[in-house]
Amino acid sequence: HGANSASENLPRSRRTLTRHRLTPAALPSMSHSDLFKKVQESEGDDRKKAAEELATAVQGSGLKGSPLIEELKTAMNANGKKDGPLREAAFAAVAALCKKSTPATEAYLVSLLGEVLNGLSDKLKPVQVEADLAVHAFAEMANGSAIQALVPVCIENIDSTKKWTTVVGALMLLGELADKAPQQMAPCLTDLMPLMSSCLTDLKQQVKDQAKSTMHKLLDTVGNKDIEKVLEDLVVNMMDPTKTEETIHKYAGIVFVQVVTAAALAAVTPLLKRGF
């Protein structure tokens with residue numbers, strides 16, 4: 001009652017403002033496009049805050065019917081040195097979106113992985129840095145349900161026509177997927193092993209190092225205790241073909257108790273091919 005009396009003592013114009021003051025929920029919200037433009041117009045910490053603001057808005061409203069995904073793709077594919085800041089902004093936005101993703105928005109975000117991996121090979125260092133943050137955000141976001149969409153994109157980017165930085169990023173993401181969803185990744189070994197064999201003997205040391213790390217994680221998905229003890233030998237053999245005969249002898253001494261799944265067979269196929 002006291003509050004009402006105080007309000008009544010105010011001039012009419014002041015009373016009107018008091019009664020009709022807009023709450024945050026009532027304030028007009030900015031569109032995804034406007035918020036992305038805000039990211040583009042910002043730098044440093046301000047850009048990070050703007051990207052988080054965009055991600056929060058998308059987290060609440062979703063991406064269905066939004067032009068944002070196409071706008072991000074266009075920005076990431078923009079060519080030329082002058083478009084560097086635009087690409088930076090796009091990768092910063094993608095990283096923020098991945099960190100605040102929901103099952104509904106993740107389905108849209110996975111379509112951006114190809115552009116993000118290519119960004120690792122951008123000619124401008126600041127763009128590469130933002131792309132790297134976006135790839136790691138993808139790794140944090142990714143789960144078993146996204147594997148069917150993500151693995152083919154990684155395979156496509158583990159190619160001799162791609163720059164080594166892009167190949168390393170794709171390998172890293174495969175390793176993270178193997179860590180997070182081993183059961184879903186195990187069936188993918190059939191397609192992945194030939195690529196891994198090639199990467200383990202790549203001329204670029206960074207590719208070999210990442211391939212070795214990823215290979216261990218992929219082999220951990222096999223889940224066959226009979227061959228667990230010789231998996232390290234398999235990796236060594238793939239990196240050094242002179243060890244083939246020695247490794248084959250070790251495998252020949254294994255007594256298989258568990259059922260040999262397609263994943264387990266895929267793991268030893270490179271060795272068998274070299275042996276013959």
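Among the elements lining the largest pocket, α8 contributes the most, with three residues. Helices here are DSSP runs (H or I, at least four residues), numbered from the N terminus. This is a predicted model, in which local features need pLDDT of at least 70 and side-chain atom pairs count only at pLDDT 80 or more, while totals for chains, interfaces and linings use all residues. Residues are numbered from 1 along each chain as its sequence is written, and side-chain values use heavy atoms, with hydrogens and water left out.

A pocket is an open set of points on a 1 Å grid over the protein atoms alone, where a 1.4 Å probe fits, with protein on both sides within 12 Å along at least five of seven lines; lining residues have an atom within 4 Å of a point. A volume is the space filled by probe spheres set on the points, which are joined across faces, edges and corners.

| Pocket | Volume |
|---|---|
| Largest pocket | about 350 Å³ |
| Second largest pocket | about 250 Å³ |

The largest pocket has 18 lining residues, with N79, N118, S121, D122 and K123 nearest its centre. Both α6 (84–99) and α8 (113–119) supply at least two residues of this lining. Its residues comprise four nonpolar, seven polar and seven charged. Ala, Val, Leu, Ile, Met, Phe, Trp, Tyr, Cys and Pro count as nonpolar, Asp, Glu, Lys and Arg as charged, and the others, Gly among them, as polar.

For the second largest pocket, 13 residues form the lining, and K48, A92, A95, A96 and K99 lie nearest the centre. Two or more residues each come from α4 (44–61), α6 and α9 (125–141).
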